[in-house]
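Visitor: I'm new to looking at protein models. Could you show me how to read one, feature by feature?

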Amino acid sequence: MQIKLKSNKIDIPFVNDEGETLLTLYFDKTDENYKKIMDLRETIYDLQKETTDADKDIEDTKAYVKRIFDTILGDGSFDKVYEINPSVTTITSYTFNIVDGILEDMTKDMRSDVLNKYLK
């Protein structure tokens, strides 16, 4: 019996309008990182309120988004994305897309494992 190792990373490319990849970040699919996502779930979905709160200073909001982004994708990842697109609102949108994609991938992996167990 052979077991084919699965990739433990999700590539997250940032592509411009011409289709050129400007930056690729990675999410390592470790138990620790999935736990971080699950622990941050409420914080992430409170992000919309944080970024639309008129009383919040943009630097406070930026620090909030940076903390979430760097927790998920590693220290310095927010700064790399902010360098190519300096908009906290836009990066907030990216954060939602990234988290949704990671959770979808996680669910797909679990379903695949269960199906493969019974289809062999």
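Guide: Happy to. Keep in mind that this is a predicted model.

Visitor: How many residues does helix α3 have, and what should they span?

Guide: Count 1.5 Å a residue. Helix α3 runs over residues 58-73, which makes 16 residues, so it should span 22 Å. Its end C-alpha atoms are 22 Å apart, which agrees.

Visitor: Which residues of α3 are buried?

Guide: First the general idea: an α-helix has 3.6 residues a turn, so residues three or four places apart point the same way. Now the case here: T61, Y64, V65, I68, F69, D70, I72 and L73 are buried in α3.

Visitor: Which residues touch the most other members of the largest nonpolar core?

Guide: That core has 26 residues, and the ones touching the most other members are F14, F27, F69, I72, L73 and I102. At least two core residues come from each of β1, β2, α1, α3, α4 and α5. The top contributor is α5, which gives 8 residues.

Visitor: What does L73 touch?

Guide: Skip residues up to four places away in sequence, and L73 touches I12, L25, Y26, F27 and I98.

Visitor: Is N33 buried or exposed?

Guide: Compare its relative accessibility with the cut-off: buried means under 20%. N33 has 13%, so it counts as buried. This residue lies in helix α1. Leaving aside neighbours within four places in sequence, N33 is in contact with F27 and D28.

Conventions. Residues are numbered from 1 along each chain as its sequence is written. This is a predicted model: local features need pLDDT of at least 70, side-chain atom pairs count only at pLDDT 80 or more; totals for chains, interfaces and linings use all residues. Side-chain values use heavy atoms; hydrogens and water are left out. Helices (H or I, at least four residues) and strands (E, at least two) are DSSP runs, numbered from the N terminus. The expected span of a helix is 1.5 Å times one less than its number of residues. Buried means under 20% relative accessible area, exposed over 50%, partly exposed in between (1.4 Å probe, protein chains only). A nonpolar core is a set of buried Ala, Val, Leu, Ile, Met, Phe, Trp, Tyr and Cys residues joined through side-chain atoms within 4.5 Å. Contact means heavy atoms within 4.5 Å.
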